[in-house]
Amino acid sequence: MNIVVSFADWLSNYAPREYKDSTIKRYIASLEKAPERMGIQLPKPIMEYLTVAEFSEVYDMLVHHEKYTYVNQTYGHSDLSAALGVFKKYVAFLEKVATASGKAVLYSPEWFAEQAKDMEELRTDDHDLRSTFVEQYGLDAIAKLSGKELLTRLFYSDVENRDNMCYMLEFHPQMREIYGSIAGGSAFKFGLFYHKKNQCWTAGSPAKPQFLSEEEAIKVAETIRDHLVDGAEILDAHTFVSSVTDYEHLYDELRHIPIIDNVWVLKYYQMLYPSILPVFYAKDYQIDVLRFLKMEPSPIPFVRMGQIMSFIKKCGISSVEFGQIYYK
């Protein structure tokens with residue numbers, strides 16, 4: 001496979017985002033013609049500089065050339081700058097692959113296992129952070145909560161502190177780095193929060209907010225907590241699931257729980273059941289990973305997580321290890 005075809009294949013199937021065929025063709029043409037358009041004579045075609053050190057020199061030569069801005073803006077509306085950026089990532093990718101085990105086929109389970117060998121620090125951080133979370137917000141902990149304490153320990157509240165489950169799942173720095181982000185949207189996604197502007201507990205949706213008294217909010221909190229417990233009891237009975245079919249059957253048992261498809265609920269269960277669910281919660285991320293693995297995404301979020309997890313189990317590594325390798 002020549003380098004142009006290889007680069008096009010990488011953009012189509014493995015790059016961090018999906019590129020259309022028309023975009024790929026423009027980027028390749030932009031790279032190939034850039035030196036001539038600037039009047040630069042290179043010893044070999046630009047796409048044959050396939051180490052980070054080599055391509056970095058060519059990259060710097062182009063972007064600091066007096067004609068760079070003109071060429072970049074005239075031919076394709078910044079296609080050149082975009083193409084240089086993605087090709088630089090591609091070259092870094094090639095160099096990383098070249099240092100991996102020669103026995104591991106690219107992106108095979110064996111390849112991922114090889115990449116995870118030096119992740120002892122991540123494994124330690126995962127163990128410590130997960131243990132702390134389960135101690136504070138696991139089923140035994142939340143089952144004991146009641147009244148105002150239930151509100152302030154689980155949800156964003158009128159108490160100015162970060163010692164609540166919603167903050168831990170959404171904004172705690174290490175939680176986001178190791179277990180993936182669920183940031184975005186509003187606090188309505190949690191089903192309950194204290195609205196500081198209106199100074200009252202709030203449920204519903206941004207379009208149809210429901211303003212609650214503290215007593216009403218406690219009842220809503222109890223319902224959400226009970227849903228979490230119900231789902232966990234089902235997951236407890238299915239600690240070994242491996243095939244996509246297993247996940248489809250498991251979801252059939254979970255689907256009666258109203259909040260089961262919420263991203264924060266999926267992340268909560270990932271913290272409790274890391275051998276069942278991976279660290280990818282939002283639809284776009286799940287589809288990107290499955291596209292990367294060349295799998296057809298299920299329409300069901302929980303089953304998509306099962307599809308990803310079924311591959312991770314073949315790698316013999318944890319989902320946090322797989323997540324870090326994938327993001328890199």
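Colleague: Why is Lys44 called partly exposed?

Modeller: In this predicted model, Lys44 has a relative accessible area of 27%. Buried means under 20% and exposed means over 50%, with partly exposed in between. The value of 27% lies in between, so Lys44 is partly exposed.

Colleague: What makes Glu54 and Lys44 a salt bridge?

Modeller: The closest N and O atoms of Glu54 and Lys44 are 3.6 Å apart. The cut-off is 4 Å, from a side-chain nitrogen of Lys or Arg to a carboxyl oxygen of Asp or Glu. Since 3.6 Å is within 4 Å, the pair is a salt bridge. This pair links distant parts of the chain: Glu54 belongs to helix α3 (residues 52-63), while Lys44 is in the loop between α2 (21-38) and α3, 10 residues apart.

Colleague: How do you know whether Glu54 is buried, exposed or partly exposed?

Modeller: Glu54 has a relative accessible area of 32%.

Colleague: What makes Glu214 and Lys148 a salt bridge?

Modeller: The N to O distance between their side chains is 3.7 Å. With a limit of 4 Å, the pair of Glu214 and Lys148 therefore counts. Here too distant parts of the chain are linked, with Glu214 in helix α12 and Lys148 in helix α9 (residues 147-154), 66 residues apart.

Colleague: What joins Glu120, Arg123 and Glu321 into one network?

Modeller: Salt bridges that share partners join these three residues.

Colleague: Where do Asp126 and Arg130 lie, and are they buried or exposed?

Modeller: Both are in helix α7 (residues 120-137), 4 residues apart, which is about one turn of the helix. Asp126 and Arg130 are both buried. Their side chains are 3.1 Å apart, N to O, and this is within 4 Å, so they form a salt bridge.

Colleague: How many salt bridges are found in the whole structure?

Modeller: The search finds 12.

Colleague: Which residues touch the most other members of the largest nonpolar core?

Modeller: Among them are Phe7, Phe133 and Tyr268, in a core of 113 residues. Helix α12 (residues 214-236) supplies the largest share, 9 residues.

Colleague: Which residues does Tyr268 contact, leaving aside neighbours within four places in sequence?

Modeller: The contacts of Tyr268 include Phe133, Tyr137, Met165 and Leu228.

Conventions: Residues numbered from 1 in each chain as written. Predicted model: local features only at pLDDT ≥ 70, side-chain atom pairs only at ≥ 80, totals over all residues. Heavy atoms only, no water. Core = buried A, V, L, I, M, F, W, Y, C linked by side-chain atoms within 4.5 Å. Buried < 20%, exposed > 50% of the residue type's maximum accessible area, 1.4 Å probe, protein only. Helix = DSSP H or I, 4+ residues; strand = E, 2+ residues; numbered from the N terminus. Contact = heavy atoms within 4.5 Å.
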